[in-house]
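This report goes through selected local features of one protein model. The sequence and structure come first, then the notes.

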Amino acid sequence: MTREQAEADFLKDVSAHEMEVLRDDGVYRHIRFKKPGTGCMHFDLVTWPGYLAYSGDMGCYVFSRLNDMFEFFRTDREYLQRDGLQLCINLGYWSEKLQAVDGSRHAGSAKEFSEEKFNRAVIEDLVGWIRGNAYRTTKDERRELWDAVMSEVMGADGDSGGYRKQAAAHDFSHFVNNDVGNFYFQDFWEHDLTEYTFRFVWCCYALAWGILKYDEARKGGSE
């Protein structure tokens with residue numbers, strides 16, 4: 001999904017949300033966003049010196065970096081808005097500042113196993129090896145190797161954490177011929193096979209949007 005589509009989907013989710021300021025005392029804040037009459041997709045932003053806590057339908061996340069965490073989440077706004085986006089998120093940098101992640105129903109992580117990235121890594125390693133050893137292997141040998149990988153690695157039983165598929169890749173070994181010996185996935189552990197969870201991405205959009213709405217309200221109130 002493109003950034004433009006992800007942003008558009010989020011903005012649709014919160015199109016009817018209203019902001020309620022429960023506390024606004026320097027860096028001590030409690031700001032609530034929800035659609036009147038329902039708690040669907042609601043979220044709260046709570047700050048105190050050095051911390052921000054996000055809580056709502058998409059879980060609970062605690063960040064720490066600057067004394068005023070609203071200021072921290074504003075830092076990418078001007079730069080990224082030049083790309084034509086309304087909301088500016090920095091998943092990599094922001095996730096580094098996580099102190100706690102919702103673990104009530106999940107493993108407590110901002111990232112999760114990506115089968116798409118796993119499949120891409122398997123194909124890239126396999127194709128790279130085949131091309132590098134094409135002069136030492138026959139077409140039939142390469143086909144047998146390809147079929148074995150598709151069956152034993154790509155076709156391995158899946159699970160939510162991707163452990164069985166990754167184990168299948170790490171354990172895979174296939175004899176090709178006496179010249180090249182066995183093919184195996186060398187240093188497969190170096191691949192990043194994770195992606196940010198939908199819940200965490202939504203939370204980051206909520207942070208950017210919520211702080212933007214807060215700033216707009218403060219600016220309007222001061223005029």
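## The loop between β2 and β3

M41 sits in the loop between β2 and β3. Helices (H or I, at least four residues) and strands (E, at least two) are DSSP runs, numbered from the N terminus. M41 is not a glycine, yet its phi is positive, at about 65°. Most residues other than glycine have a negative phi.

This is a predicted model, in which local features need pLDDT of at least 70 and side-chain atom pairs count only at pLDDT 80 or more, while totals for chains, interfaces and linings use all residues. Residues are numbered from 1 along each chain as its sequence is written, and side-chain values use heavy atoms, with hydrogens and water left out.

## Strand pairing

Strand β2 covers residues 28–34, and strand β3 covers residues 43–48. The two run antiparallel and are joined by five bridges; strands count as paired if DSSP finds at least two bridges between them. F33 stands opposite F43 in β3.

On to the next strand: β3 also pairs with β4 (residues 51–56), in the antiparallel sense and over six bridges. Here V46 is opposite A53 of β4. The hairpin of β3 and β4 has two residues between the strands, and G50 in this hairpin takes a positive phi near 90°.

## D44 in strand β3

D44 belongs to β3. Is this residue, D44, buried or exposed? It counts as buried because its relative accessibility is 7%, where buried means under 20% relative accessible area, exposed over 50%, and partly exposed in between (1.4 Å probe, protein chains only).

The side chains of D44 and R32 are joined by a polar contact of 2.9 Å. A polar contact is a pair of N or O atoms within 3.5 Å; within protein, one must be able to donate a hydrogen and the other to accept it, and residues adjacent in sequence count only if both atoms are side-chain atoms. Leaving aside residues up to four places away in sequence, D44 touches H30, I31, R32, A53, Y54 and S55, with contact meaning heavy atoms within 4.5 Å.

## The loop between β9 and β10

D187 lies in the loop between β9 (181–183) and β10 (194–196). D187 has a positive phi of about 55° although it is not a glycine. With a relative accessible area of 38%, D187 is partly exposed.
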